[in-house]
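I set out to record what I looked up in one structure.

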Amino acid sequence: MSELVKYSVEDGIAIVTIDNPPVNALSPGVPDGIREAVLRAGSEAAVQAIVIIGAGRTFIAGADIREFGKITSGEKSREATTLHPLLAVLEGSPKPVVMAIHGTAFGGGLEIAQAGHYRVAVANAQVGQPEVKLGIIPGAAGTQRLPRLAGVAKAAEMCAFGDPIPAKAALEAGIVDRIIEGNLLAGAIAFAREVAAKPAPKTSERNEKLSEPCDFDALRAAARKRLRGQEAPIAAIDAVEAATKLPFAEGVRREAELFQQCLFSTQSKAMIHAFFGERTVQKIPGIGKDVELLPIRKAAIIGAGTMGGGIAMVYANAGIPVLLKETAQDALDRGLATIRRNYANSVAKGKMTQEAMDRTMARITPTLSFDGFGEADIIVEAVFENMALKKQIFAELDKIARPDAILATNTSTLDIDEIASATTRPGQVIGNHFFSPANVMKLLELVRGKATSDRVIATCMDLGKRLRKVAVLAGNCYGFIGNRMFAPYIREAMLLAEDGTPFELVDQTLYEFGMAMGPMAVCDLAGLDVNYRIRQEYKHLEVPGVRYPEVETMLAARGHYGQKTGRGWYLYEGTKNAGPNPEMSDIIAAYAPEKSLPQSRASRDEIIERTVYALINEGARLLKEGIAIRSVDIDIVYLNGYGFPVWRGGPMHYADTVGLARVAAKVREFHERFGYHWKPAPLLEQLAGQGSTFAAWSATR
Ligand code: T1G
């Protein structure tokens with residue numbers, strides 16, 4: 001028996017244990033190991049039934065995703081990795097096969113479990129077909145067996161959206177036969193004894209649920225809305241629908257056709273890139289797993305505004321008691337009221353019980369003083385974006401915080417080193433840039449100053465996971481990774497508008513490209529006053545003679561700040577967009593001739609190239625400067641903080657997909673047409689000239 005799959009017999013019950021840490025993926029050797037073990041059990045007279053279980057923390061979590069690249073590159077054939085021979089042996093076993101599930105039975109793991117005759121699970125196990133999150137669909141008959149176990153509508157929903165369900169729901173749906181209390185293996189063996197003498201039910205022959213109603217077109221519409229632009233969810237629904245129309249074997253063939261189409265799509269390559277990217281960014285060159293983490297048991301937040309209140313919720317949600325300090329009672333009361341309202345909304349939507357809300361709220365202690373800050377393991381400053389104020393606060397913290405406490409700033413653009421210079425412990429100072437709303441957005445930009453210690457970085461990276469955030473480490477520059485790149489993206493969107501392209505067309509085009517919102521709508525959401533203030537603060541840095549967008553500044557100067565005032569690029573009724581603001585069109589119509597701006601309407605392609613390639617060009621500069629460690633770090637920032645479509649993999653993966661030669665040629669063209677801002681980044685030119693990619697260059701870092 002292979003090391004990956006172990007075999008033993010306990011009083012007539014064969015036990016097949018998969019031992020392929022960390023998640024028992026179906027890596028080469030595992031499917032064959034299971035098949036050999038089941039065949040062996042079938043041939044041994046003493047064996048009456050078979051239990052299949054995962055070692056370590058989980059049942060099988062799916063196919064080995066790393067194998068897909070070998071298939072799409074032609075290094076391996078699809079046939080070499082198919083699970084169908086194993087599925088046939090499982091379902092055809094003369095002795096009943098009981099699947100014992102703990103942890104996550106996902107993808108191929110659940111498909112193997114479905115080919116078994118029975119499934120038992122511990123209460124905190126989860127089952128799911130999350131393949132669409134990788135841009136593919138179940139490829140081992142999951143779309144054919146799951147409707148036979150759970151019914152067509154439930155199966156179609158699980159395959160289309162990829163969301164896992166807990167064991168109890170799986171029991172109710174008919175996917176799991178029993179919840180095991182206590183020891184899973186013992187419970188599974190006892191269950192196996194019970195069913196040993198009974199005829200083993202073959203899932204592929206259980207057709208009674210296939211006639212259950214399912215509105216496939218309504219589900220397709222829901223998938224197109226919720227997973228806008230993604231192809232795999234529709235393919236998954238098509239595959240499940242085929243199960244209701246075709247015999248099992250033909251349904252499996254239809255599933256295989258759809259799986260193959262998805263596997264070779266650019267969307268799947270992008271989404272697999274994103275999956276591994278979220279894990280790659282946790283690995284910091286030069287900071288190994290041996291670095292001892294600082295214990296984080298208590299936190300303190302300074303500032304109970306939108307950001308501070310959201311950050312306090314993040315800590316409370318993670319089970320970490322947190323002090324929340326303000327300077328005035330009314331501000332503190334407003335902050336607490338907002339937090340309470342947010343939780344109450346979750347309770348009203350059934351996302352949280354009242355008891356959980358009360359327990360979580362109790363972890364937040366409002367205060368007007370620094371009492372208790374001496375016990376905090378991490379203190380996060382979340383006050384107004386003003387350097388003098390931040391330095392004053394850090395100077396005070398330097399006196400009252402424990403020497404090993406982490407002093408973090410939530411600044412979105414300001415210089416970490418300058419803030420750290422207000423303390424005697426710059427090694428303990430780090431940027432913790434949350435994205436608004438902090439209790440919702442997944443991205444957390446960690447910003448290392450010159451002196452930030454490895455221990456503080458490693459601790460904040462680990463803490464990011466506890467806070468259920470995707471943490472990415474950035475170097476210290478204006479805007480770090482996200483905002484530094486977003487500035488040229490927004491600039492180009494506005495210049496397109498000033499040059500005659502209707503700004504609502506700019507927004508619509510980028511929305512259709514896959515961005516969560518168009519650039520002007522984003523500015524209205526963030527508040528035009530934010531850009532206005534930043535522009536005033538940094539106007540002295542603007543290059544004389546170089547053109548910068550003006551019309552938004554003109555609108556903000558009139559007191560129109562977007563959603564918060566009801567008028568910005570668009571008109572608003574509450575948060576509802578009530579259409580383009582005619583006043584903005586008037587401003588542009590007056591401004592263009594005044595500045596002798598030639599007016600032309602850009603094509604949709606040019607709108608995307610002018611905005612997205614501006615992101616890419618700046619991203620190439622960040623890479624060269626070391627502000628971003630790898631191109632995938634930039635991608636993960638944009639996928640989790642800026643609404644970039646996951647099925648395009650992020651701006652740098654998108655550039656690699658388009659081809660750097662093509663991107664560089666366009667950047668050079670724009671440089672000729674628009675000058676200064678479009679100076680091609682040297683790294684982009686270099687890699688384009690070499691026929692290379694950002695990913696390949698990053699792999700050498
Ligand atoms: N293949 C290869 N590596 C995997 C993997 C997988 N399926 N799942 C996780 N890893 C690696 C991961 O990259 C990380 O590596 C380590 O394991 C720990 O993962 C045939 C075609 C199971 C919920 O989509 O959702 O089956 O960084 O940090 O937070 O029809 O991993 O340590 O080097 O995420 O405890 C379907 C994907 C595949 C499940 C555990 N299955 N994995 O989360 O640990 S397609 C999935 C997860 C398929 C079939 C189709 C999560 C997890 P490293 P981790 P975690």
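**Conventions.** I worked with a predicted model, in which local features need pLDDT of at least 70, side-chain atom pairs count only at pLDDT 80 or more, and totals for chains, interfaces and linings use all residues. Residues are numbered from 1 along each chain as its sequence is written, and side-chain values use heavy atoms, without hydrogens and water.

**Helix 10.** I took helices (H or I, at least four residues) and strands (E, at least two) as DSSP runs, numbered from the N terminus. In helix 10 (residues 216–226), I found Phe-216, Leu-219, Arg-220 and Ala-223 buried, where buried means under 20% relative accessible area, exposed over 50% and partly exposed in between (1.4 Å probe, protein chains only). These buried residues fall within an arc of 105 degrees down the axis, so they line one face of helix 10; the arc is that of the directions from the helix axis to the C-beta atoms. On the other side, Asp-217 and Lys-225 are exposed.

**Arg-484.** I located Arg-484 in helix 20 (residues 482–498). Arg-484 counts as buried because its relative accessibility is 14%. Its side chain makes a polar contact of 2.7 Å with that of Glu-625. A polar contact is a pair of N or O atoms within 3.5 Å; within protein, one must be able to donate a hydrogen and the other to accept it, and residues adjacent in sequence count only if both atoms are side-chain atoms.

**Strands.** I noted an open sheet of three strands, in the order 5-7-8, with mixed pairing; two strands pair if DSSP finds at least two bridges between them. Val-127 stands opposite Ile-165 in strand 8.
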